[in-house]
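Please look over the sequence and the model first, then read the points below.

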Amino acid sequence: MELVNDSALQLAEHPPLTLVISVILIFSHLVSSVHSPSWLLILISLHDILEMATESENGNCLGWAARDPSGVLSPYKFNRRVLGCDDVSLKITHCGICYADVVWTRNKLGDSKYPVVPGHEIVGIVQDVGSNVHGFKTGDHVGVGTYVDSCRSCEYCDDGLEVHCSKGSVHTFNAVDADGTITKGGYSSFIVVHERYCYKIPDNYPLAYAAPLLCAGITVYTPMKRHKMDQPGKSLGVIGLGGLGHMAVKFGKAFGLHVTVFSTSISKKEEALNLLGADRFVISSDEQQMQALTKSLDFIVDTASGDHAFDPYMALLKTYGVLVLVGFPSEIKLHPASIILGSKTIFGSVTGGTKETQEMLEFCAANKIYPEIELVPIQYVNEALERLIKRDIKYRFVIDVENSLK
């Protein structure tokens, strides 16, 4: 077996000889009829090598991919689909780095489909459109978010809430697309997307800053709007001050709310108050500070993914107060009285539909809301992911794809 596989590798390194491999593959039908497992394994290995060689030499898109659960990314060529009549092809200029990129490059959920090209905070410039596309034109600034397809016919898709598609939305990377291929994300030179899942970025909004809006931004904007957290003069609490939390603070101030940030780290106080404009900063482990705010908040946005107690935060809500959970702790534990007394509510929320996403982009442009970012070349992506795991970022990494992916 080892000798045959070494020979196959040498063949795959010489494209003119791939015809030989093709002939052998045809022969596989004959050997399978005589039940020869060894030959079948050899032929499958040859086929896989041929596919890898074809992608690495002839792929039309350059990206960075993880090949195994180590999560280490390196250059990778692959083929994007041919532009369809309803598609938009965009040259990617920037891509935000989300913790989801860590989850699937490292197979945290056990369903990674390698090679994984991550990235679902994608912005760029339209380079071509299909014949049926009328909402976009060459040169437009556009974005692509966390999903690239849905059934387009269920009640949620009809309402512009494609993220909740009854048949399941198709994620921007590591998902099975309509044509059976595996979706690949924005750590790449370009992407082809159905126009429905493409968003216009206002011309006056810097592309680098738009990238985090496509996930971090919409993840907090959607529940804030849905639960009427846009009423000037009311009070908002934000738990956690990371990529999502700092956007919740910015939206809260833009909505005219009185914003309190809760954190376990005193080191974030200066930035919460002076950089982001929060009105108050509270150390959540300080019982005296927490008790002083009992029944003082109308809303809370909880962005923390680490395990934490919920009862102390529910006690801070006024009657009919609302806590929205957008983080992913391993469990939620709270006493029934925390909800029953005061008729309080706890909701969960994911990203947002196409209508909400477009609305958010326009809102950010109109109100000059910009995420706090650190711009990095794609060659730095492995270090950036390690820093993200350690929470060593204020507050979102954005890859400068256009100027570093060569």
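**Helix α8**

At 1.5 Å a residue, the 12 residues of α8 should span 16 Å, and the end C-alpha atoms of α8 lie 17 Å apart, which agrees. The expected span of a helix is 1.5 Å times one less than its number of residues. This is a predicted model, in which local features need pLDDT of at least 70 and side-chain atom pairs count only at pLDDT 80 or more, while totals for chains, interfaces and linings use all residues. Residues are numbered from 1 along each chain as its sequence is written, and side-chain values use heavy atoms, with hydrogens and water left out.

- Of the 12 residues of α8, 10 are buried, so α8 is largely enclosed by the rest of the structure. Buried means under 20% relative accessible area, exposed over 50%, and partly exposed in between (1.4 Å probe, protein chains only).
- The buried residues of α8 are G243, L244, G245, H246, M247, A248, V249, K250, F251 and G252.
- The cover over these buried residues includes α7, β10 (235-239), β11 (258-263), β13 (297-302), α13 and β17 (396-400); contact means heavy atoms within 4.5 Å.
- Just after α8, G256 has a positive phi of about 85°.

**The chain as a whole**

- The chain has 15 helices and 17 strands. Helices (H or I, at least four residues) and strands (E, at least two) are DSSP runs, numbered from the N terminus.
- Buried residues account for 50% of the 406 residues in the chain.
- Among contacts between residues at least 6 apart in sequence, 66% join residues at least 24 apart.

**Helix α7**

- α7 is mostly covered, with 9 of its 11 residues buried.
- Those buried in α7 are A216, G217, I218, T219, V220, Y221, T222, P223 and M224.
- The buried residues of α7 are covered by elements including β10, α8, β13, β14 (317-325), α13 and β17.
- K228 follows α7 and has a positive phi, near 60°.

**Helix α13**

- The 14 residues of α13 (residues 354-367) should span 20 Å at 1.5 Å a residue, and the end C-alpha atoms are 20 Å apart, which agrees.
- T354, E356, T357, Q358, M360, L361, F363, C364 and A365 are buried in α13.
- Elements covering the buried residues of α13 include β6 (147-149), β9 (198-200), α7 (216-226) and α8 (243-254).

**Cavity**

- The count comes to 1 cavity of 30 Å³ or more. On a 1 Å grid over the protein atoms alone, a cavity is a set of points where a 1.4 Å probe fits but cannot get out, and lining residues have an atom within 4 Å of a point.
- The largest cavity holds about 40 Å³ of space. Grid points are joined across faces, edges and corners, and a volume is the space filled by probe spheres set on the points.
- G145, T146, Y147, Y199, L214, I218, T351, G352 and T357 line the largest cavity.

**Residue P69**

- P69 lies in the loop between β1 (61-66) and β2 (73-78).
- With 48% relative accessibility, P69 counts as partly exposed.
- Leaving aside residues up to four places away in sequence, P69 touches T105, R106, N107 and Y114.

Key. 1 Å grid on protein atoms, 1.4 Å probe; cavity = no way out; pocket = protein on both sides within 12 Å on 5 of 7 lines; lining within 4 Å.
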